[in-house]
Amino acid sequence: MALLRVEALHKAFGKQQVLKGVSLSINKGETKVIIGPSGGGKSTLLRCINLLIVPDSGRVFLDNEEVTGRHVNISRVRSQIGFVFQHYNLFMHLTAFDNVKLGLVKVRKLNEKEAEDRALKALKDVGITDDLIKRYPAQLSGGQQQRVAIARATAMEPKIILLDEPTSALDPELIDEVLKVMEDLAKSGATMLAVTHEIGFAKKVANEIIFLADGIVTETGSPEEFLASPKQERTRKFLASLNDLKSESGGSAEK
């Protein structure tokens with residue numbers, strides 16, 4: 001049985017239809033990657049799953065419970081879904097340590113000692129060293145901030161982690177350190193649904209790649225079949241554009 005199941009999700013902003021009946025599922029321990037052009041609905045989909053945006057219609061199930069139900073406890077649902085944003089979303093007035101500890105105390109209701117121990121472990125797991133944990137976000141690099149954000153999500157021990165283009169705001173030299181953390185998470189058995197155009201990451205750890213364009217899932221497949229022989233012309237053009245972009249930046253689409 002799927003850990004996360006999305007059924008026929010629709011969302012419009014005014015007259016603009018952003019999601020047009022999106023359906024997908026992910027089993028426990030799987031990593032799935034969503035790619036597609038800007039404006040295709042990728043971020044909106046993740047936010048609907050986490051109830052940061054209320055879908056117009058369709059249903060979302062987490063561990064066989066409908067989280068889009070009328071009387072659902074939204075705070076409880078969000079505590080079960082980790083969310084890593086593109087721009088970190090750390091509290092600038094709190095240290096790295098306190099950013100991770102806060103949710104453990106306020107949401108998970110752990111005592112101070114338990115919260116501190118779990119926060120320290122989560123930070124160390126993503127490579128945040130002792131000399132960095134007491135620094136404020138402004139004193140950290142973008143890659144370090146994003147790793148703190150991942151630690152904040154994993155410390156809550158969520159059922160699934162959603163990642164919304166977690167490397168797109170980073171300088172190229174900082175991307176690898178975040179991708180390494182994501183790869184380690186996938187290999188450890190975490191369940192992840194990631195919006196990213198880092199094809200190398202998808203190739204290494206994804207169970208499935210999902211192509212979302214114009215609010216519709218138009219193609220899915222394992223990394224091997226999806227990247228080697230995409231069925232849709234739109235998919236082929238998009239993958240070619242990613243290769244061109246990587247070449248222009250001096251990188252490789254299969255980094």
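What sits over the ring of F61? I looked, and the charged end of R5 does, 4.1 Å from the ring centre; the rule asks for CZ of Arg or NZ of Lys within 6 Å of the centre and within 35 degrees of the ring normal.

A note on what I am reading: this is a predicted model, where local features need pLDDT of at least 70, side-chain atom pairs count only at pLDDT 80 or more, and totals for chains, interfaces and linings use all residues. Residues are numbered from 1 along each chain as its sequence is written, and side-chain values use heavy atoms, without hydrogens and water.

Next, I turned to aromatic pairs. Rings of Phe, Tyr and Trp (its six-membered ring) pair if their centres lie within 6.5 Å, with planes under 30 degrees apart called stacked, over 60 edge-to-face and the rest tilted. I found two such pairs. F83 and F85 are stacked, at 4.4 Å centre to centre and 25° between the planes. F83 counts as buried at 8% relative accessibility, where buried means under 20% relative accessible area, exposed over 50% and partly exposed in between (1.4 Å probe, protein chains only). F85 is buried too, at 17%. F211 and F238 have ring centres 5.4 Å apart and planes at 65°, so I noted this pair as edge-to-face.
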